[in-house]
Amino acid sequence: RFNGLWCVMLTAASLSQAHVGYAIGRSVGGAVLRNRIRRQLRVLVSTRESALQPGWYLIGVQPQVTRLTFMQLGETVDGLFAKVATT
């Protein structure tokens, strides 16, 4: 876990790129808020996807993420990916 985000990954050499899914439960907020966070994460992850190993990634969101600005969310994604890369 990293500042309200968590990630589970399964690397697969047979894949040519990273495939990312998002787990954003109702505890995070209403549908509009969850969809906004998902859209923001998609943009942030797509710009950083080349740094990810090919495989399957599931990024989860906890309620405290709703208090982050887009810039803070980007920094959190960077930190999460740095942490995932070391495991």
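Biologist: Start with Asp78. Is it buried, partly exposed or exposed?
Modeller: Asp78 counts as partly exposed, because its relative accessibility is 38%. Keep in mind that this is a predicted model.

Biologist: Which residue forms a salt bridge with Asp78?
Modeller: Arg48 does. The closest N and O atoms of the pair are 2.3 Å apart. Arg48 lies in helix α1 and Asp78 in helix α2 (residues 70-85), so the pair ties together parts that are 30 residues apart in sequence.

Biologist: What about Arg34, then? Where is it found?
Modeller: Arg34 is in helix α1, which covers residues 31-48. Arg34 is buried, yet it has no salt bridge. The nearest side chain of opposite charge is Glu49, and that is 22 Å away.

Biologist: What does Arg34 touch?
Modeller: Leaving out residues up to four places away in sequence, Arg34 touches Ile24, Gly25, Arg26, Val28 and Gly29.

Biologist: Let's zoom out. How many helices and strands does the protein have?
Modeller: It has 2 helices and 3 strands. Along the sequence, the pattern reads β-β-α-β-α.

Biologist: And the overall dimensions? What box do the C-alpha atoms fill?
Modeller: Roughly 35 × 20 × 20 Å, taken along the principal axes. The radius of gyration is 13 Å. A compact globule with 87 residues would have one near 12 Å, so the protein agrees with that.

Biologist: How much of the protein counts as buried?
Modeller: Of its 87 residues, 34% count as buried. The protein exposes about 5300 Å², and carbon and sulfur atoms supply 55% of that.

Biologist: What share of the contacts comes from residues 24 or more positions apart?
Modeller: Taking contacts with a separation of 6 or more, such residues account for 85%.

Biologist: Now the inside. How many residues are in the largest nonpolar core?
Modeller: The largest nonpolar core has 19 residues. Leu5, Ile37, Leu41, Ile59 and Val61 have the most contacts inside it. The elements giving two or more residues to this core are β2 (18-24), α1, β3 (55-61) and α2.

Biologist: Which element gives the most?
Modeller: α2 does, with 5 residues. As a general point, nonpolar side chains in soluble globular proteins tend to be buried together.

Biologist: Pick one of those core residues. What is Ile59 in contact with?
Modeller: Setting aside neighbours within four places in sequence, the contacts of Ile59 include Leu5, Trp6 and Cys7. Among them are also Val20, Tyr22, Val45, Leu80 and Phe81.

Biologist: And Tyr57? Buried or exposed?
Modeller: Tyr57 counts as buried, because its relative accessibility is 5%. Tyr57 sits in strand β3. Not counting residues up to four places away in sequence, Tyr57 touches several residues, including Cys7, Val8, Met9, Leu52 and Val84.

Biologist: How far apart are the C-alpha atoms of Tyr57 and Leu15?
Modeller: They are separated by 12 Å. Along the chain, Tyr57 and Leu15 are 42 residues apart.

Biologist: Where is Thr69?
Modeller: Thr69 is in the loop between β3 and α2. It counts as partly exposed, because its relative accessibility is 42%.

Biologist: Last one. What is the phi of Asn3?
Modeller: It is positive, about 50 degrees, although Asn3 is not a glycine. Most residues other than glycine have a negative phi.

Biologist: Where is Asn3 placed?
Modeller: Asn3 is in the segment before β1 (5-11). Asn3 is exposed, with a relative accessible area of 52%.

Methods
Residues numbered from 1 in each chain as written. Predicted model: local features only at pLDDT ≥ 70, side-chain atom pairs only at ≥ 80, totals over all residues. Heavy atoms only, no water. Helix = DSSP H or I, 4+ residues; strand = E, 2+ residues; numbered from the N terminus. Rg over C-alpha atoms; globule rule 2.2 N^0.38 Å. Buried < 20%, exposed > 50% of the residue type's maximum accessible area, 1.4 Å probe, protein only. Contact = heavy atoms within 4.5 Å. Areas by Shrake-Rupley, 256 points an atom, 1.4 Å probe, with all protein chains shown as cover. Lys, Arg positive; Asp, Glu negative; His and termini not counted. Salt bridge = Lys/Arg side-chain N within 4 Å of Asp/Glu carboxyl O. Core = buried A, V, L, I, M, F, W, Y, C linked by side-chain atoms within 4.5 Å.
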